[in-house]
Amino acid sequence: MNCAFEDCMVLDEVLEEHQGDYALAARRFFQVRKPATDALADLSLYNYIEMRSKTASRAFVFKGRIDRALHNLWSAWQPSLHTAVSFSDLAYHEARARCEWQDAQLARAARLAMFTVAAVGYLTFK
């Protein structure tokens, strides 16, 4: 979701929650939005790095294909961080955390697959 729209939603919720106490509502708003705005700054830098140097990488393209395939099989799987922040109502910091978790699961599965192939190869050609 667009950060400005997300700000509006949260501001509306906080103003309703604090019924006229604008000073308290403002403090609460900044407290609630700080993780998302920090994540947005991090995501902006990450996006620059990704566009600058990763998009030409075969590994990056392959991972994107795996993410899209997993998303087709299981709709809760976010096909990319860009998709998670642009086409869902997840807050930026939640989208980043979910995609970091997904990346860790993919790395774990890749290590397991490599170990399995190595073990089968060893046992086959021993």
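# A tour from the pocket outward

Helix 2 supplies nine residues to the lining of the largest pocket, which is the largest share. Helices here are DSSP runs of H or I with at least four residues, strands are runs of E with at least two, and both are numbered from the N terminus. The model is predicted, so local features need pLDDT of at least 70 and side-chain atom pairs need pLDDT 80 or more, while totals for chains, interfaces and linings use all residues. Residues are numbered from 1 along each chain as its sequence is written, and side-chain values use heavy atoms, without hydrogens and water.

**Stop 1**

Select Tyr 46, Glu 50, Ser 80, Leu 81 and His 82. Of the 27 lining residues, these five are the closest to the centre of the largest pocket. The pocket has a volume of about 660 Å³. (A pocket is an open set of points on a 1 Å grid where a 1.4 Å probe fits, with protein on both sides within 12 Å along at least five of seven lines; lining residues have an atom within 4 Å of a point. The volume is the space filled by probe spheres set on the points.)

Next, colour the helices around the pocket. Helix 2 (22-54), helix 3 (58-73), helix 4 (81-86) and helix 5 (92-125) each give the lining at least two residues. By residue type, the lining holds 10 nonpolar, eight polar and nine charged residues. (Asp, Glu, Lys and Arg count as charged; Ala, Val, Leu, Ile, Met, Phe, Trp, Tyr, Cys and Pro as nonpolar; the others, Gly among them, as polar.)

**Stop 2: the whole chain**

Zoom out and show the cartoon. How many helices and strands does the protein have? There are five helices and zero strands, and along the sequence the pattern reads α-α-α-α-α.

Turn the model to see its outline. The C-alpha trace spans about 75 × 30 × 25 Å along its principal axes. The radius of gyration is 20 Å, whereas a compact globule of 126 residues would have one near 14 Å. (The radius is taken over C-alpha atoms, and the globule rule is 2.2 Å times the number of residues to the power 0.38.) Of the 126 residues, 23% are buried. (Buried means under 20% relative accessible area, exposed over 50%, and partly exposed in between, with a 1.4 Å probe and protein chains only.)

Of the contacts between residues at least 6 apart in sequence, 49% join residues at least 24 apart. (A contact means heavy atoms within 4.5 Å.)

**Stop 3**

Select Gln 19, in the loop between helix 1 (3-18) and helix 2. Gln 19 is not a glycine, yet its phi is positive, at about 30°. Is Gln 19 buried or exposed? With a relative accessible area of 61%, Gln 19 is exposed.

**Stop 4: Arg 33 in helix 2**

Move on to Arg 33, which sits in helix 2. Its relative accessible area is 4%, so Arg 33 counts as buried. Leaving out residues up to four places away in sequence, Arg 33 touches Cys 3, Glu 6, Asp 7 and Val 10. Show these side chains together with Arg 33.

**Stop 5**

Select Arg 98, a residue of helix 5. Arg 98 is partly exposed, at 34% relative accessibility. Beyond neighbours up to four places away in sequence, Arg 98 touches Ala 76, Gln 78 and Leu 90. Between Arg 98 and Leu 11 there are 24 Å, C-alpha to C-alpha, and 87 residues in sequence.

Gln 102 also lies in helix 5. Gln 102 counts as buried because its relative accessibility is 3%. Which residues does Gln 102 contact, leaving aside neighbours within four places in sequence? They are Ala 76, Trp 77 and Gln 78.

Finish at Val 120, which is found in helix 5. Val 120 has a relative accessible area of 49% and is therefore partly exposed. Draw a distance line from Val 120 to Ala 23: the two are 65 Å apart, C-alpha to C-alpha, and 97 residues apart in sequence.
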